[in-house]
Amino acid sequence: MNKLSAFILINEKSQADYYLSLFAGYQQFGSLYFLSNKTELNLDKPIPIDFITSTNTLKKISGVADSKYILLITKPIKVDITNQSLERFISVAENTSAGIVYSDFYETDDKTILHSLIEYQHGSLRDDFDFGTVQLFDARIFKSSIGLLRDDFKFAGLYSLRLIISRKRSVIRIPEFLYSSESFDKRTSGVKQFDYVDPKNRAVQIEMEEAVTEHLRSISAYIKPDQKIIDYNETEFNYTASIIIPVKNREKTIADALNSAVNQKTDFPFNIIVVDNHSSDRTTEIIKSFSEQHQNIIHLIPERNDLLIGGCWNLAINNINCGKYSVQLDSDDMYKDESTLHKIIDKFRNENCAMVIGSYILTDFALNEIPPGLIDHREWTDENGTNNALRINGLGAPRAFYTPLLRKIGIPNVSYGEDYFLGITISREYKIGRIYEPIYICRRWEGNSDSELDIEKLNRNNFYKDKLRTIELLARINYNKDKIK
C-alpha cells in the first residue's frame, strides 16, 4: 500500500499546476486529488465537492483513498512542504499511532512569520481550533470514523470527524515548522472572535452545536437540562446589587462607565465597587472625583500588586459592602440605558438563577455601531446551552452573579477567561438566565486587551480556555457518575 494520498482544496487551475509540480517525484505519494466546487477548471483527478467541511466530501475522500495515510490541505492557498517534512509527518504518525497529526508552520506574506500552534487536548472542543493548513490522518481510522458521521452535515462534518477520531486515537502536534503557507484570513483577532455570533453564520453554528452535543453524550459529559435554582433568602445583604468595575489605566473611558453606572434607576439599593488596580494615568483621579460626588461609589485600591482582573473581582465580591448580586461593567464599556441594572435583577427575581447574561451592541470608540452589531448569543438555549458552552468562546455580556455562590466558587486570578470559567462551571449545576435584548454597549478600540493579539498571546489565551474545558469535561463526567450513584 502507498504511504500517502493527498487531497487538496483549490479554487484556481494555477493552484493545481503548482501542486503537481511541487509533489512530482515525492516518494510517499500514491495519489493526488484536487477538491473543488468549480467544474470548469478541467482538473486531473478532480473530486467535485460542495464544502470541504461536509460529510459528503469526506465520504468521497474515504471512498478513493488507497494509502496508509491521508494528507488533507484544507484551504485553497499555496503550501510549500518538502519531501523531508512529509517523512516527518508520517514518521510521527507511525511511531505514535496517532489519528491526526499537525504541525507548526511558516506564514508567508510580506514577511515570514513563525506560526506556532497549540497542543490538542480533551477540552479542545472549539470548532475553530487551529490545525494550520496541513493535516495527516491515519486512513484506516479516517474510514472507520466516517461510518459514525451523520450524513447530513454540510458545515460540521470535518469538525465532527475530528471529535470522533479523538475518541479513538491521539491527536498529535509536531512543534516544528514543517511547511510554509500563505495567509488565508488576514483579519485581526479582535474581529475574528465574533464570527460565531454573527447571524449570517447561524446555520453553521446549529450544526456545530449538534456535533459537539453528540460528542459529549458519547463521553458521558453531557449535562441534562435540569439545573438547580437558587434560594435567595439564605443570606441578608445591605445592598441588593453591586456593580463591579475592575480598572487600570482607563482615563479615556472610566468616566463614561461610571456615569452609566450612577445613572441607573432602581427600586432597590445598589452600590458601585471600583477596584482601581494601581493606575498610573489619571484614572485614580477621575474615580476619586466621582466617589466624592456619589456616596454609593466604593473606591478600592488593592494592597497587593499581583492582582489581575479575576483577582480584582475576588477583592470586590468579598468586600463587606458587596451586594447580593454582583454585576459586571468593564471599564471601557457602558450600560445601554438607565434600566439595565433593574432588568438584570428582575431576571434573577423571576427565575431564581445563579447567573444572568445579557446582550450587547458592538460599537467603535465613538459609540457608532459596528458589525455584527447586536451580540445576543441566541445559540444559548435552556435545553442545551450548558453543553454548547463548551464549544464556543464566550457566553455574552454583561454577566451578573449571585454573590454567595460566586464567593464559594472563587474567580481565577487571570485577565482572560475568568468569565468563561464562571459560565461553564456555574451552568454545570445551576440555571443561567438570559436577556436577549441589548442592555450593554461594548466598545471596540485599540485599547481593548484582545483587539489585535499576536500569535503568542492568542495561543496562550486559546490554550488556557481549552484547559478550562478539559478540567470541566472531567468535572462533568464525575458529576454524572455521582448522580447515578
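How many bridges join strand β15 to β18? The model is predicted, and in it eight bridges link these two strands. β15 covers residues 355-363 and runs parallel to β18.

Strand β14, residues 334-335, joins β18 in the antiparallel sense. Two bridges hold this pairing. Here Tyr335 stands opposite Tyr440 of β18. So much for partners; burial comes next. β18 spans residues 432-443, and nine of its twelve residues are buried. The strand is thus mostly covered.

Now turn to the helices. Start with α2, residues 55-64, and α4, residues 139-146. Their axes lie 10 Å apart, and the two helices pack at an angle of about 135 degrees. That angle makes α2 oblique to α4, because the roughly perpendicular range ends at 115 degrees and roughly antiparallel begins only over 145. The crossing of this pair is left-handed.

Which residues of α2 and α4 meet? From α2 come Leu58, Lys59, Ile61 and Ser62. From α4 come Phe142, Lys143 and Ile146. Sorted by class, this contact holds four nonpolar residues, two charged residues and one polar residue.

α4 has a further helix to pack against. This is α5, residues 157-168. The axes of α4 and α5 come within 10 Å and cross at roughly 115 degrees. Is the crossing of α4 and α5 left-handed or right-handed? It is right-handed, whereas α2 and α4 cross in the left-handed sense.

The contact between α4 and α5 can also be read residue by residue. α4 supplies Ile141, Phe142, Ser144, Ser145 and Ile146. α5 supplies Leu161, Ile164, Ile165 and Lys168. Six of the residues in this contact are nonpolar, two are polar and one is charged.

Finally, look at a single residue. Ser181 sits in strand β9, which covers residues 171-181. Is Ser181 buried or exposed? Its relative accessibility is 1%, so Ser181 counts as buried; the cut-off for buried is under 20%. Its surroundings can be listed. Setting aside neighbours within four places in sequence, Ser181 touches Ile77, Lys78 and Val79, among others. Its contacts also include Phe105, Tyr106, Glu107 and Thr108. Thr133 is in contact with Ser181 too.

Conventions: Residues are numbered from 1 along each chain as its sequence is written. This is a predicted model: local features need pLDDT of at least 70, side-chain atom pairs count only at pLDDT 80 or more; totals for chains, interfaces and linings use all residues. Side-chain values use heavy atoms; hydrogens and water are left out. Axes are lines fitted to C-alpha atoms, for helices over the stretch in contact, and angles run from 0 to 180 degrees between N-to-C directions. Helices (H or I, at least four residues) and strands (E, at least two) are DSSP runs, numbered from the N terminus. Angles under 35 degrees count as roughly parallel, over 145 as roughly antiparallel, 65 to 115 as roughly perpendicular and the rest as oblique. A crossing is left-handed if the near helix is turned anticlockwise from the far one by less than a right angle, and right-handed if clockwise. Contact means heavy atoms within 4.5 Å. Ala, Val, Leu, Ile, Met, Phe, Trp, Tyr, Cys and Pro count as nonpolar, Asp, Glu, Lys and Arg as charged, and the others, Gly among them, as polar. Buried means under 20% relative accessible area, exposed over 50%, partly exposed in between (1.4 Å probe, protein chains only). Two strands pair if DSSP finds at least two bridges between them.
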